[in-house]
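Let's take a walk through a protein model together, piece by piece.

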Amino acid sequence: MTATEPVAETEVPTRRITVTVNGERRVAEVEPRLLLAHLLRQGLALTGTHVGCDTTNCGACTVLYDGAPVKSCTMLAVQADGHEVTTVEGLGTPSELDPVQEGFAAEHGLQCGFCTPGMMLAARALLNRNPDPSEDEIRWGLSGNLCRCTGYQNIVKAVRWAAEKEAQ
Amino acid sequence: MYPSRFRYEAPRTLDEALALLAEHGDEAKILAGGQSLVPMMKLRFAAPGVLVDINGLEGLGHHEETPGGGMRVGALCRHVDLEHSTVLPGAQPTMAAAAPLVADPIVRTRGTLVGSLCHADPQGDWASVMLALGGSVVATSARGRRTIPVGEFVVGTFQNALEYDEIAVEAVVPAAQGARSGSYLKLERRVGDFATAGVAVALESVGEEVVRAGIALTGVGPATIAATEAAQTLVGSRLDPDVVDRAADLAAAVARPRTDHRGTADYKRHVVATFVRRILTAERAPAGAAA
């Protein structure tokens with residue numbers, strides 16, 4: 001059991017939640033105002049989920065919530081009670097990477113790497129819906145995720161790489 | 001950024017949710033998609049004492065046709081459901097055109113049409129679409145149920161006509177008087193940015209003659225703007241070029257844009273006129289030729 005300590009103040013109401021994170025059942029005691037991104041990063045020490053803009057723009061904090069991509073800075077941790085969350089840590093394992101991860105490595109789909117976890121989860125969700133996206137569809141599908149290095153060219157190639165691998 | 005402290009409630013039934021609103025009055029706020037409310041709470045523009053999360057309620061995720069070309073959209077129907085809807089493209093062309101343009105793909109996973117109407121942001125796409133379609137919001141409370149036309153529902157910037165004890169459970173589009181056509185166009189500097197300008201056009205025609213028309217404008221004033229005169233000039237017409245020009249000019253004339261980093265007021269008015277002309281010209285072209 002992992003507990004997220006509420007801030008040191010008396011009488012702060014908390015709520016016990018059970019969330020399946022990367023296939024593992026986790027229980028946490030959270031203040032309702034705790035954001036899902038912070039539960040993942042601080043409460044569960046899954047720091048692969050990055051917080052970029054903190055204003056619902058950049059998509060760096062994208063995780064899968066019951067399989068659908070969401071910006072975890074714009075959801076409350078309590079909303080994940082009884083739900084499944086997948087972070088970049090659950091996308092693949094070092095010995096068995098997700099094709100999207102392989103694609104980002106093969107096509108150099110990252111520069112500084114900050115947007116990468118969110119990009120990859122958004123790409124995973126896109127490919128789950130559309131296994132053979134065109135370049136346009138990839139750009140459109142990832143338009144909620146910003147890369148400040150502007151490395152979009154290779155990100156698009158990486159997603160195409162994953163699509164082609166999965167088609168084999 | 002963290003929201004202020006609040007009490008969180010996750011009712012399982014609509015009655016429970018309504019009881020919470022009745023109990024807490026203006027301290028309570030409904031959480032549906034949360035894609036506007038949560039950012040506002042983080043910025044402390046909103047600080048509700050009680051958050052009533054309705055995501056656990058059954059029977060609000062629908063969008064379905066109603067007899068005669070109408071539509072019902074439940075309070076938990078997400079933008080993404082409308083974007084990938086198999087019903088909308090044939091039944092509701094204006095809605096189908098708008099759905100992929102709302103916010104960005106990740107936000108569309110969570111955000112809802114009804115929530116967008118309630119948020120009453122002058123930048124909201126759905127308020128324009130529903131205004132052009134002559135749609136309404138169905139509000140429920142322990143006292144009963146009422147239907148509020150979108151034109152009366154959005155009363156100002158971020159202001160809607162709901163009472164504190166009411167929940168907007170559904171948006172409805174009335175039956176059509178003819179075959180539906182129309183579209184939604186939006187100019188934005190990048191996906192997810194506030195619109196420079198947006199235009200919704202909803203037409204109902206018998207043969208080539210327009211029998212009902214609605215035009216509404218996004219992001220060019222302190223609230224969603226109904227271009228009533230522009231729409232009225234189309235009724236009885238066959239969208240001949242002079243009528244289209246007149247409608248475009250009348251729509252631009254009711255826009256109230258402000259000059260900012262997205263463009264000058266004149267430029268935004270020009271965009272409005274161009275979008276009206278573009279949509280109407282495409283509608284007049286024979287089917288298949290509309291590009």
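What follows goes from the domains to a sheet, a helix, the core and the contact between the chains.

One thing to keep in mind from the start: this is a predicted model. Let's begin with chain B, which is divided into domain 1 (7–53), domain 2 (63–173) and domain 3 (179–290). If you take the centres of domain 1 and domain 2 of chain B over their C-alpha atoms, 19 Å separate them. Where these two domains meet, 13 residues of domain 1 of chain B are in contact with 18 residues of domain 2 of chain B. On the domain 1 side, the largest share comes from H1(B), with five residues. Sorted by class, that side has seven nonpolar, five polar and one charged residues.

Now look for a sheet in chain B. You'll find an open sheet of three strands in the order E1-E3-E2, with parallel pairing. Back in our sheet, E2(B) and strand E3 (residues 50–53) of chain B run parallel and are joined by four bridges. To see how these two strands line up, find B:Leu31, which stands opposite B:Asp53 in E3(B).

Over to chain A, where the domain assignment gives domain 1 (15–90) and domain 2 (99–167). The centres of these two domains, taken over C-alpha atoms, are separated by 21 Å. Here 15 residues of domain 1 of chain A are in contact with eleven residues of domain 2 of chain A. E3(A) gives the largest share of the domain 1 side, three residues. The residues on that side divide into eight nonpolar, seven polar and no charged.

Is helix H1 (residues 36–43) of chain A mostly covered or mostly uncovered? It's mostly covered, with six of its eight residues buried. Among them are A:Leu36, A:Leu39 and A:Leu40. What covers the buried residues of H1(A) includes strand E2 (24–30) and strand E3 (62–65) of chain A. Just after H1(A), A:Ala45 takes a positive phi of about 60 degrees.

Next comes the inside. In soluble globular proteins, nonpolar side chains tend to be buried together. The largest nonpolar core in this model has 145 residues. Helix H3 (residues 116–129) of chain A gives the largest share of this core, eight residues. Among the residues with the most contacts inside the core are B:Val199, B:Ile215 and B:Val276. Click on B:Val276 and you'll see that the residues it touches include B:Val199, B:Ile215 and B:Ala251.

Last stop: the place where the two chains touch. The contact takes 22 residues from chain A and 22 residues from chain B. On the chain A side, strand E4 (residues 68–71) gives the most, with four residues. By class, this side of chain A has eight nonpolar, ten polar and four charged residues.

Note on methods: Residues numbered from 1 in each chain as written. Chains lettered and ligands numbered in written order. Predicted model: local features only at pLDDT ≥ 70, side-chain atom pairs only at ≥ 80, totals over all residues. Pairing = 2+ DSSP bridges. Core = buried A, V, L, I, M, F, W, Y, C linked by C-beta atoms within 7 Å. Buried ≥ 20, exposed ≤ 12 C-beta atoms within 10 Å, placed from the backbone. Contact = placed C-beta atoms within 7 Å. Nonpolar A, V, L, I, M, F, W, Y, C, P; charged D, E, K, R; others polar. Domains from an automatic or database assignment. Lists of a residue's contacts leave out its neighbours within four places in sequence.
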